[in-house]
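Here is a short briefing for a first look at this structure. Keep the sequence and the model side by side as you read.

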Amino acid sequence: MSEFTLELNDDQRQVRDWLHGFAADVIRPAAAEWDEREETPWPVIQEAAKIGIYSLDFYAQQFFDPTGLGIPMVMEELFWGDAGIALSIVGTGLAAVGVIANGTEEQIGTWIPQMYGDADDVKVAAFCSSEPDAGSDVASMRTRAVYDEAKDEWVLNGTKTWATNGGIANVHVVVAAVDPELGSKGHASFIVPPDTPGLTQGQKFKKHGIRASHTAEVVLEDVRVPGHCLLGGKEKLDERLARARDQARTDGERVKNAAMATFEASRPAVGAMAVGTARAAYEVALDYAKTRTQFGRPIIDNQGVAFQLADMRTRIDAARLLVWRASWMATAGKPFTAAEGSMSKLYASETAKKVTAQAIQILGGNGYTREYPVERMHRDAAIYTIFEGTSEIQRLVIARTLSGMPIR
Ligand SMILES: Cc1cc2nc3c(=O)[nH]c(=O)nc-3n(C[C@H](O)[C@H](O)[C@H](O)COP(=O)(O)OP(=O)(O)OC[C@H]3O[C@@H](n4cnc5c(N)ncnc54)[C@H](O)[C@@H]3O)c2cc1C
């Protein structure tokens, strides 16, 4: 008897249905309002916290699902509800993962609860890596962290940009260069605790889509944080820098590629978000095509419309399968020998853009208005090919992995 199955087990189905209920009853009805307001939907985050969807415990439980499908399932359902609101709910997770990946147990225990707050007083957190001159080219980061040994403090200076929850977060996780000569191997991550002097919000961006999610610059001017805010601690950093200096002397290119590989495991989660948005737009288009009549028959009676829907659904299912494969590989500890994580993000994000555009076309004039959700979904979908590595960067990673060549 084969053990292979693509069926969700009972527990997974239960969680999925519960999340779907929240997405359908709470997120979707609020989507248009928060998109127009372009503000963080605090009441929705609070609702999510009350029922246990906004907490580290919930995400940890899903992360440790042995099949690897927990996180993709959460992302698909929440983003099916609405991408902007869902990002406001899961954005804190990006900072939390930064602490879990690099921090000590004490740091995880101290800072993560402060990132989420509690149901009566919800908080958010921000992960600040991108800079005005360092987007895809993370290694060229200019924000500096200098150690003040006399005071056992780190001094951070620089400007971060595009930070989800930047400036409104209770806790900011900031990536800074400790040794700029080493590129991304010379970076370290720091906690900036609540109300630390010197950290201010720069401009808040007015965006094309995911407008309920707050995106802003974060300015760091002589921000002093205690030594214990260096994630992982000083001893580990010093060892890592020494190793990187040795390695850089012998093989500079490998240093760069190793840094890129660390994102491979987190990319399927973004792919799952894109699947959620694509599926939402496809469902609206399918319903519309069955009920809208022209020339005396439902528009879906025309192959030109029906075949589009067939293609849309086929692409969405293919995207989900790539996401599930990569998530399963990450959980099972399989090496990403063909950059399967990047493949899943590339295909799912391009699918979301394409499918949401097709949905607008199927809805005709209505699709182009804010009376129907597909124009918002199309605006939202554009983010997936940009953040967590653009589609071009995914192709670069895949091509380099497949060929073993330093393709530029
Ligand atoms: C809404 C939103 C939320 C975000 N949230 C966060 C966050 O929370 N934290 C954070 O740190 N960052 C965040 N980002 C930043 C995001 O990760 C970057 O925007 C992304 O990495 C691209 O960087 P860039 O915008 O500087 O584009 P650039 O790197 O300037 O790229 C511009 C264009 O050039 C292409 N390009 C660049 N290099 C190459 C190459 N070598 N080969 C081929 N093409 C190339 C790109 O693919 C792209 O099409 C967010 C961005 C947005 C828009």
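In α11 (340–367), the residues S342, M343, K345, L346, S349 and E350 meet S391, Q394, R395, V397 and I398 of α13. Contact here means heavy atoms within 4.5 Å. Helices (H or I, at least four residues) are DSSP runs, numbered from the N terminus.

This is a predicted model, in which local features need pLDDT of at least 70 and side-chain atom pairs count only at pLDDT 80 or more, while totals for chains, interfaces and linings use all residues. Residues are numbered from 1 along each chain as its sequence is written, and side-chain values use heavy atoms, with hydrogens and water left out.

**The α11 and α13 pair**

- The contact of α11 with α13 divides into four nonpolar, four polar and three charged residues.
- Nonpolar covers Ala, Val, Leu, Ile, Met, Phe, Trp, Tyr, Cys and Pro; charged covers Asp, Glu, Lys and Arg; the others, Gly among them, are polar.
- α11 and α13 (residues 391–403) pack at about 150°, and their axes are 9 Å apart.
- Axes are lines fitted to C-alpha atoms, for helices over the stretch in contact, and angles run from 0 to 180 degrees between N-to-C directions.
- The crossing of α11 and α13 is left-handed, a term for a near helix turned anticlockwise from the far one by less than a right angle.

**Helix α12**

- Seven of the eight residues of α12 (residues 374–381) are buried, meaning under 20% relative accessible area (1.4 Å probe, protein chains only).
- They are V374, E375, R376, M377, R379, D380 and A381.
- These buried residues pack against α1 (10–37), α5 (83–102), α9 (267–291) and α11.

**The cavity**

- The structure holds one cavity of 30 Å³ or more.
- On a 1 Å grid over the protein atoms alone, a cavity is a set of points where a 1.4 Å probe fits but cannot get out; lining residues have an atom within 4 Å of a point.
- The largest cavity holds about 40 Å³ of space, a volume being the space filled by probe spheres set on the points, with grid points joined across faces, edges and corners.
- Its lining includes R376, M377 and D380, along with W80 and T277.
- α4 (70–81), α9 and α12 each give two or more residues to that lining.

**The second largest pocket**

- About 410 Å³ of space lies in the second largest pocket.
- A pocket is an open set with protein on both sides within 12 Å along at least five of seven lines.
- Of its 14 lining residues, F4, T5, L6, L69 and W328 are the closest to its centre.
- Helix α10 (residues 303–332) gives the largest share of the lining, four residues.

Definitions and conventions:
Buried means under 20% relative accessible area, exposed over 50%, partly exposed in between (1.4 Å probe, protein chains only).
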